[in-house]
Amino acid sequence: MFVVHGTFPVLASAADDVRAAIVGLQAATRAESGNLSYEWCESVETPNTFFSIETWESRQAVDDHLGSEHVKAAVESLPGWLAGAPSLIGYETPEAITLPL
């Protein structure tokens with residue numbers, strides 16, 4: 001399993017555009033082979049900072065995703081939206097562990 005966590009600080013003027021783009025990006029990504037989950041949220045503490053949390057069956061599935069047309073289109077829009085450097089970090093794990101609450 002491969003987990004990806006992204007952080008995207010965006011301009012306040014671009015936040016609505018980012019929210020709209022996420023809707024289409026989520027639908028296309030969730031339909032991809034190898035995608036287990038794909039979620040986005042906005043920080044409560046830092047407005048206009050968005051996070052992506054993704055789980056994939058494999059690193060290959062992530063690489064395929066990053067090469068997809070919908071991701072390429074989103075990446076092309078990033079320079080006009082970003083207020084700072086984005087971060088995308090991947091973690092490979094042999095299994096998912098359900099933690100007690």
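1. Contact is taken here to mean heavy atoms within 4.5 Å, and with that meaning, what covers the buried residues of helix H3 in this predicted model includes strand E1 (2-9), helix H1 (15-30) and helix H2 (59-66).

2. Helix H3 itself runs over residues 69-81, and its 13 residues reach 19 Å from the first C-alpha to the last, which is close to the 18 Å expected at 1.5 Å a residue. Its buried residues include Val71, Leu78 and Trp81; seen down the axis of H3, the buried residues fall within an arc of 75°, and therefore they line one face of the helix. On the face turned away from that buried side, H3 carries the exposed residues Glu69, Glu76, Pro79 and Gly80.

3. Helix H2, which is among the elements covering the buried residues of H3, has Ala61, Val62 and His65 as buried residues of its own. These cover an arc of only 100° around the axis, so they sit on the same side of H2. The cover over the buried residues of H2 includes E1, H1, strand E2 (35-42), strand E3 (49-56) and, in return, H3.

4. Helix H1 contributes to the cover of the buried residues in H3 and also in H2, and one of its residues deserves a separate remark, namely glutamine 26, which lies in H1. Glutamine 26 counts as buried because its relative accessibility is 14%, where the cut-off for buried is under 20%. Leaving aside neighbours within four places in sequence, glutamine 26 is in contact with Tyr38, Glu39 and Trp40.

How values were computed:
Residues numbered from 1 in each chain as written. Predicted model: local features only at pLDDT ≥ 70, side-chain atom pairs only at ≥ 80, totals over all residues. Heavy atoms only, no water. Helix = DSSP H or I, 4+ residues; strand = E, 2+ residues; numbered from the N terminus. Expected span 1.5 Å × (residues − 1). Buried < 20%, exposed > 50% of the residue type's maximum accessible area, 1.4 Å probe, protein only. Arc of directions from axis to C-beta.
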